[in-house]
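Trainee: I would like to go through the labels used for this model. For each label, I will ask what it rests on.

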Amino acid sequence: MSEILKPIETIGRKTTKREIVGLAKAHAREITTNGYDLLKVYIELKRYEAYLDTIIQEVKESTIEKAREKGEKDFRYADARVILAKRTKYNYERDDKWRQLNEGLERLKEEKKARENLLRQVEGEAGEIVNPETGEVEQVAAPLRESVPQIIIRL
């Protein structure tokens with residue numbers, strides 16, 4: 001992986017986010033055109049992603065505390081802009097009308113999912129179903145099926 005992941009010095013402190021993205025895209029082109037075992041490369045990159053994401057989350061709280069010690073809400077540090085902000089979070093659970101609306105929304109989501117499951121079983125382009133609650137025969141259109149390539153990596 002050393003040829004694929006460039007040394008951290010490649011991304012200097014003065015390198016902008018746009019330049020970092022450009023560098024990464026150039027390296028990705030290099031990887032895809034130079035005969036690497038792409039499956040192996042992708043798996044190793046996913047390992048590094050899990051590693052870096054975990055480190056970031058583990059040091060975040062302590063880092064916020066260190067940044068607060070600066071006594072400023074917006075400052076430059078290590079050639080980056082640091083902004084300390086607060087995000088307002090609302091919990092609406094105390095309001096009866098909100099809870100009622102939320103329960104209705106959850107019920108509609110469940111109905112939608114049940115309908116999707118039903119429509120997936122329709123053969124051909126259209127079909128008929130019997131509504132179990134009313135006994136009515138309903139004309140339904142089968143969903144359009146599209147295959148989308150994907151890869152799942154479980155480490």
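Trainee: In this predicted model, which residue in strand 2 does Arg76 stand opposite?

Mentor: Arg76 stands opposite Arg81.

Trainee: What makes strand 1 and strand 2 a pair?

Mentor: Pairing requires at least two bridges between the strands. Four bridges join strand 1, residues 74-77, to strand 2, residues 80-83, so the two count as paired. The strands run antiparallel, and with two residues between them they form a hairpin.

Trainee: Why is Ala78 called partly exposed?

Mentor: Buried means under 20% relative accessible area and exposed means over 50%, with partly exposed in between. Ala78 has 42%, so the label is partly exposed. The value for Asp79 is 37%, and therefore Asp79 is partly exposed as well.

Trainee: How do you know whether His27 is buried or exposed?

Mentor: His27 has a relative accessibility of 14%. The cut-off for buried is under 20%, so His27 counts as buried. This residue sits in helix 1, residues 17-33.

Trainee: Which residues does His27 touch, leaving out those up to four places away in sequence?

Mentor: They are Lys6 and Thr10. Touching here means heavy atoms within 4.5 Å.

Trainee: Why is Ile43 called partly exposed and not buried?

Mentor: Ile43 has a relative accessible area of 24%. Buried would need a value under 20%, so Ile43 falls in the partly exposed class. Ile43 belongs to helix 2, which covers residues 38-68.

Trainee: What does Ile43 touch, again not counting residues up to four places away in sequence?

Mentor: Ile43 touches Ile153 and Leu155. For Leu101, the separation from Ile43 is 58 residues in sequence and 43 Å in space, taken C-alpha to C-alpha.

Trainee: How do you know how the radius of gyration of the protein chain stands against that of a compact globule?

Mentor: The globule rule is 2.2 Å times the number of residues to the power 0.38. For 155 residues, a compact globule would come out near 15 Å, whereas the protein chain has 26 Å. Along the principal axes, its C-alpha trace spans about 70 × 55 × 25 Å.

Trainee: What share of the 155 residues is buried?

Mentor: Buried residues make up 8%. The accessible surface of the protein chain is about 14400 Å², and carbon and sulfur atoms contribute 52% of that area.

Trainee: What share of the contacts with a separation of 6 or more comes from residues 24 or more positions apart?

Mentor: That share is 31% in the protein chain.

Trainee: How many positive and negative side chains are there?

Mentor: There are 31 positive and 30 negative side chains. The centres of these two sets lie 8 Å apart.

Trainee: What is the order of helices and strands along the sequence?

Mentor: The protein chain has three helices and four strands, and they follow the pattern α-α-β-β-α-β-β.

Key
Residues are numbered from 1 along each chain as its sequence is written. This is a predicted model: local features need pLDDT of at least 70, side-chain atom pairs count only at pLDDT 80 or more; totals for chains, interfaces and linings use all residues. Side-chain values use heavy atoms; hydrogens and water are left out. Buried means under 20% relative accessible area, exposed over 50%, partly exposed in between (1.4 Å probe, protein chains only). Accessible areas come from the Shrake-Rupley method with a 1.4 Å probe; for residues, only the protein chains shown count as cover. Lys and Arg count as positive and Asp and Glu as negative; His and the chain ends are not counted. The place of a charge is taken as NZ of Lys, CZ of Arg, CG of Asp or CD of Glu.
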